[in-house]
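Welcome! Have the sequence and the 3D view ready, and let's walk through a few features together.

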Amino acid sequence: MIEILASGPLTTVQDRGRPGHLARGLAAGGAADLRALDEAEALVGPGAVIESAPAPLTVRLHAGMRVAVLGAPAAVTVEGRALAMEAAHDLPDGAEVQVRPTGRGAWTYLAVAGGIAAPEVMGGRGAHLIAGIGRALNAGDRLEVGTAAPRPAARLAEGAAGRLGGGELRLLPGPQTGLFPREARARLEATPFVRDARGNRQGIKLSGGDGFATEGQLTLLSDFVRAGDVQMTGAGEPYVLGPECQTTGGYPRIGTVIPADLPRAMQAAPGAPLRLRFVTRAEALAATPPPPRTEPLVRDPRDMPDLLGYQLIDGVWGEP
Amino acid sequence: MGFPRIDPLGLDALLVRFSDRLEDRANRACVAFRAALEDAPPGGVAETAPSLGSVLVRLSDPAAAEAVEAALRERLAARDWGGGDPPPRRLWRLPCAIGGADGPQLGEVARAAGLDERAAADALAAAPMRVLALGFAPGMPYLGILPPEWDLPRQTGLTPEVEPGALVLAVRQMVLFGTRAPTGWRQVARTGFRPFDLDREAPVALAAGDEVRLWAMPPDEVDARAAEDARRLGGAEVEAVG
């Protein structure tokens, strides 16, 4: 069991979401940075994780378990001693894990072997706050943990660094792209946007350009919207929709951020630069990243005395 | 733009559009076409869903898009999806208090429709409506299509908050809110039925294509029927049709 000792207002249990309910008006939801979930799975195995926005998170483990902290960089300490991110660590019963975000990136994940065993609702264990499924975690919450198959301890060969500072978001044209004049599409690609302060699991606002309006059609029939869609508000300001977006909407959408780049959009902290570029479907398919690679965890012996002093359970470092 | 048409929607979905305007025939086509896809899903399809004027087809593998699109074109050509008998559905009678404190804007809506308040309440209770689509929030129905006299624009300002169960009207449709929410539509009635209830056997009870009637009764009766309903359906009567 994991006990939450302190958490920010946007700390929730998340998994890959609950797909299959679009006809019922429920978006799949799921982790804001799905690549971080792939990385968590590579290190500790499949299962739900704790997702935390930039705010300190402190938990106490009520059993020995394998833990990994991923995504937006944070200072992670166990009983005051630093713990590397993006690596699997076997921590003892009673360990207190503190995660303090550094301000780079937006979403940090705490994953445990076996996964967070929150109750399954409509096929998922994560919170979907807008839909009223689950809720944000609070100090005092106790979360059950599932059982895990043993696996060698490892760290990520390449972690989240490449998707944390903003950058280019590749866009696929969609059903409404053609409603925007060529000039607006060209200007969209030429505009150096920054991630606005406004943003959450429903989506993020891009600032730095506006007036991206469609031609002629003032009132659009409400139609399906998906995570990744770049939606223009009435003022023609772009929002990139997140996993907790509504299923339908009446604002026009100029395109859809490809799945490979959506984690980069969601992990952009306020102020991070973002550019948009249209790509072909072939380019989008080719951009799908391979599963995260891991490498065996070999400890620097200089780290060991301190860690052993904190009663970390036996046989945990440098397992075969 | 010719309809129906198929466009990619992101990497993992296709969107089949029957219209870009609210049209009875196009919406019926969405429901019928989607039901046929659910009955016999083409290979490579993970999920389908209807909206007011389109059907979303989510792919199990983005690389299958071309094959699925070809299968969808074949299905589209097979019949006139907007005509003929609709697929099996249910008829819901939702206990409702129309007007008064439960429909504070019925007067405005009635005037716009050229009716007095009593006649407007009777007309809304008699109006045959369908669930055109579920969306915006989980289980939230768009009901219609109401006759042309109900083609009211949205309010210029927002009503800061309506109660759960509020039925609000605009643009020849009604929407039923499940939670407290701001709205630009005008509230004409209130029901004890909740579109989304995780404690119910089926959290989302309505489906696109279902028929809906407002069943007018006094407010205390609406509340009593909902309170006594072990099915958690707000005292609604439900029967299978077709």
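A:Leu262 touches A:Ala227, A:Gly228 and A:Val257, leaving aside residues up to four places away in sequence; two residues are in contact if their C-beta atoms, placed from the backbone, lie within 7 Å. This is a predicted model, in which local features need pLDDT of at least 70, side-chain atom pairs count only at pLDDT 80 or more, and totals for chains, interfaces and linings use all residues. Residues are numbered from 1 along each chain as its sequence is written, while chains are lettered from A and ligands numbered from 1 in the order in which they are written.

**Around A:Leu262**
- You will find A:Leu262 in helix H3 (residues 262–267) of chain A; helices (H or I, at least four residues) and strands (E, at least two) are DSSP runs, numbered from the N terminus.
- A:Leu262 counts as buried because it has 24 C-beta neighbours inside 10 Å (buried means 20 or more other C-beta atoms within 10 Å of its own, exposed 12 or fewer, and partly exposed in between).

**Where chains A and B meet**
- 30 residues of chain A are in contact with 33 residues of chain B.
- On chain A's side, H4(A) brings the largest share, 3 residues.

**The domains of chain B**
- An automatic or database domain assignment gives chain B domain 1 (5–78) and domain 2 (89–241).
- The C-alpha centres of these two domains of chain B lie 28 Å apart.
- 7 residues of domain 1 are in contact with 8 residues of domain 2 in chain B.
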